[in-house]
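Dear colleague,

Please find the structure below, handed over for your own work.

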Amino acid sequence: MSIEFATKTEVPAEVPAEVPAAGRAAPRPEAGGSDFARLSRRVARAGLLDRRPLYYTVRFGLVLLAFAGGGYALFALGDTWLQLALAAVMSVVFAQVALISHDLAHRQVFSQRLHSEIGGRIAANLLMGMSYGWWMNKHTRHHANPNHEERDPDVAPDILVWSERQASQANGLARFIGRRQAYLFFPLLLLEGLNLSFNSFRALRSPTMKRPFLEGTLLVVHFVVYFGAVFAALPPGKAFAFIGVHQALLGVYMGCVFAPNHKGMLMVTPGMKLDFLRRQVLTSRNVRGGRFVDAAMGGLNYQVEHHLFPNMPSPALAEAARITREFCAEKGIPYYETGLLRSYREVLGHLHRAGQPIREAG
């Protein structure tokens, strides 16, 4: 059995500060500041950083309605294996709750930090069962140094290795899995839901957790209600099957949303010198696919623009992508986007190449 892996996504390891596009004279400089400052002014003039209260009211309302409907359906369906279909649907609903908590954490919804934190803890801890504080700390470090081998927690060598250098240093479980990690990637995502819950509780003891008692209480309430409702509505066998399907598909969904964003793009090493604009653009991949992909990925398919403007509301990202794409063309900065299925091929291809040193070592 073999997998046809995609060829490597070509992005330069280092880009000069100002390089005009091929065959074109350097653009006339705009008023003052860095390239990112110039791009920011274009985006701000287009009103793309303005709040979108109507959009988020409708989006939150639909997700909460689906969440409540799932709870009603759990008891209305009763003792039947059709509950596994409901478990699959609820994995999508929970993932949408996670995407809402992501937007809240980035202050895309509310301008005040307190309101964002209250909403984020309700969505993440209480409704989904994931620690808002743990995820916020991890995600903030990722945004500051995307795809940096030593500073980005999302590419830290754990079970998987993300570069040949990491593979050459791997041992234990990472070395065992690294041989076939491209084949094992999607099966491993079946455990990601459980991994999120485990890390959420483990993080409660971390000194970086700001509200450990509050977050722990909300997590306990979530899981008491979650397990209590499932076991109250179903006999034990079907209850365990429901939880297994729900958590497994939740992990796959979340992995499929976040994996295409950076995996297989430029890996930043300590010696590289990149300004903010190039660091974010060269390490990020946009995914095309229209409104369906936009909704399924919560706008994170516009990963380049999300990293450049983290507090930009989701519905503004598509227009920001047009502006950013044009600006990068003017500056000769490689800007990469592709289709959804192609993005997964590139992720698997990158994982396969990263594990090569382990396979060669025998």
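Which helix gives the largest share of the lining of the largest pocket? Helix 5 does, with eight residues.

Before the details, a note on the basis of the work. This is a predicted model, in which local features need pLDDT of at least 70 and side-chain atom pairs count only at pLDDT 80 or more, while totals for chains, interfaces and linings use all residues. Residues are numbered from 1 along each chain as its sequence is written, and side-chain values use heavy atoms, with hydrogens and water left out. Helices are DSSP runs (H or I, at least four residues) numbered from the N terminus.

The largest pocket

The largest pocket holds about 1,300 Å³ of space. Among its 42 lining residues, Lys138, Asp154, Glu192, Asn195 and Asn199 are the closest to its centre. A pocket here is an open set of points on a 1 Å grid over the protein atoms alone, with protein on both sides within 12 Å along at least five of seven lines; lining residues have an atom within 4 Å of a point. Grid points are joined across faces, edges and corners, and a volume is the space filled by probe spheres set on the points.

At least two lining residues come from each of helix 3 (83–105), helix 5 (132–144), helix 8 (181–189), helix 9 (192–202) and helix 11 (236–258). By class, the lining of this pocket has 22 nonpolar, 13 polar and seven charged residues (nonpolar: Ala, Val, Leu, Ile, Met, Phe, Trp, Tyr, Cys and Pro; charged: Asp, Glu, Lys and Arg; polar: the others, Gly among them).

The cavity

The structure has one cavity of 30 Å³ or more (a cavity being a set of grid points where a 1.4 Å probe fits but cannot get out). The space in the largest cavity is about 50 Å³, and its lining consists of Met128, Gly129, Met130, Gly193, Leu196, Ser197, Phe223, Gln247 and Leu250. Helix 9 contributes the largest share, three residues. The lining of the largest cavity comprises five nonpolar, four polar and no charged residues.

Helix packing

Helix 3 packs with helix 4 (residues 113–128) at an angle of about 160°, their axes lying 8 Å apart (axes are lines fitted to C-alpha atoms over the stretch in contact, and angles run from 0 to 180 degrees between N-to-C directions). Helix 3 is therefore roughly antiparallel to helix 4 (an angle over 145 degrees). The contact of helix 3 with helix 4 involves nine nonpolar, four polar and no charged residues.

Helix 4 also packs with helix 10 (residues 212–233), at about 40° and with axes 7 Å apart.

With kind regards

How values were computed. Angles under 35 degrees count as roughly parallel, over 145 as roughly antiparallel, 65 to 115 as roughly perpendicular and the rest as oblique.
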